[in-house]
Amino acid sequence: MTHTVAGDGGTTVADMSTGYHTYGVDWEPDTITFYFDRQVVYQTATPSDLNSPMYMIANLADGGYWPGAADGQTGQMKIDYIRAYASGAGPGAPE
C-alpha cells in the first residue's frame with residue numbers, strides 16, 4: 001500500500017474486491033484525512049470553501065471516459081453500514 005500524506009495526487013490501496021473494508025474520512029477545519037482499513041492513506045489541506053455542513057453520498061459512478069461505457073457488468077457495491085460521527089461542539093455534536 002502506498003501512503004501519501006499532504007499533497008496532491010493519488011494513493012494505492014490493497015485489492016478492494018477481496019472482501020469488506022472500512023473507509024474513513026476525518027474532516028477537520030485545517031485538514032482532511034482519509035483512511036482505508038483504519039490506516040491513513042491520504043491527507044490534504046481542507047479547501048477554504050469546504051467548511052460548511054455537507055452530506056454523504058454512497059455512489060458507484062459506473063462508466064465514463066476512463067472505464068468505458070457502462071454495460072451492467074462493470075461494477076458492484078455492497079455496503080454493510082455507514083456511520084457518521086461529530087467531534088467537538090457545534091451543530092449535530094452529541095451532548
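## Aromatic pairs

Exposed means over 50% relative accessible area, and buried means under 20%. Tyr23 has a relative accessible area of 55%, so Tyr23 is exposed. These values come from a predicted model.

The structure holds 2 aromatic pairs. One joins Tyr23 and Phe36: the ring centres are 5.4 Å apart and the planes meet at 65 degrees, so this pair is edge-to-face. Tyr23 belongs to strand S1 and Phe36 to strand S2 (residues 31-36), so the pair ties together parts 13 residues apart in sequence. Phe36 is buried, at 4% relative accessibility.

Phe34 and Tyr42 form another pair. Their ring centres lie 6.2 Å apart with planes at 50 degrees, so the pair is tilted. Phe34 is partly exposed, with a relative accessible area of 31%. Tyr42, at 11% relative accessibility, is buried.

## Surroundings of His21

His21 sits in the segment before strand S1 (23-27). The His21 side chain makes a polar contact with the side chain of Asp37, at 2.8 Å. A polar atom of the His21 side chain also lies 3.4 Å from the backbone oxygen of Gly19.

Leaving aside neighbours within four places in sequence, His21 is in contact with Asp15, Met16, Phe36 and Asp37. Phe36 is also the partner of Tyr23 in the edge-to-face pair.

## Nonpolar surface patch

Met56, Leu60, Met77, Ile79 and Ile82 make a nonpolar surface patch of about 480 Å². Ile82 is placed in the segment after strand S3 (39-45). Its relative accessibility is 52%, so Ile82 counts as exposed.

Terms used: Residues are numbered from 1 along each chain as its sequence is written. This is a predicted model: local features need pLDDT of at least 70, side-chain atom pairs count only at pLDDT 80 or more; totals for chains, interfaces and linings use all residues. Side-chain values use heavy atoms; hydrogens and water are left out. Patches are made of residues with over 30% relative accessible area and no salt bridge: like charges are joined within 9 Å, nonpolar side chains (Val, Leu, Ile, Met, Phe, Trp, Tyr) within 5 Å. Accessible areas come from the Shrake-Rupley method with a 1.4 Å probe; for residues, only the protein chains shown count as cover. A salt bridge is a side-chain nitrogen of Lys or Arg within 4 Å of a carboxyl oxygen of Asp or Glu. Helices (H or I, at least four residues) and strands (E, at least two) are DSSP runs, numbered from the N terminus. Buried means under 20% relative accessible area, exposed over 50%, partly exposed in between (1.4 Å probe, protein chains only). A polar contact is a pair of N or O atoms within 3.5 Å; within protein, one must be able to donate a hydrogen and the other to accept it, and residues adjacent in sequence count only if both atoms are side-chain atoms. Contact means heavy atoms within 4.5 Å. Rings of Phe, Tyr and Trp (its six-membered ring) pair if their centres lie within 6.5 Å; planes under 30 degrees apart count as stacked, over 60 as edge-to-face and the rest as tilted.
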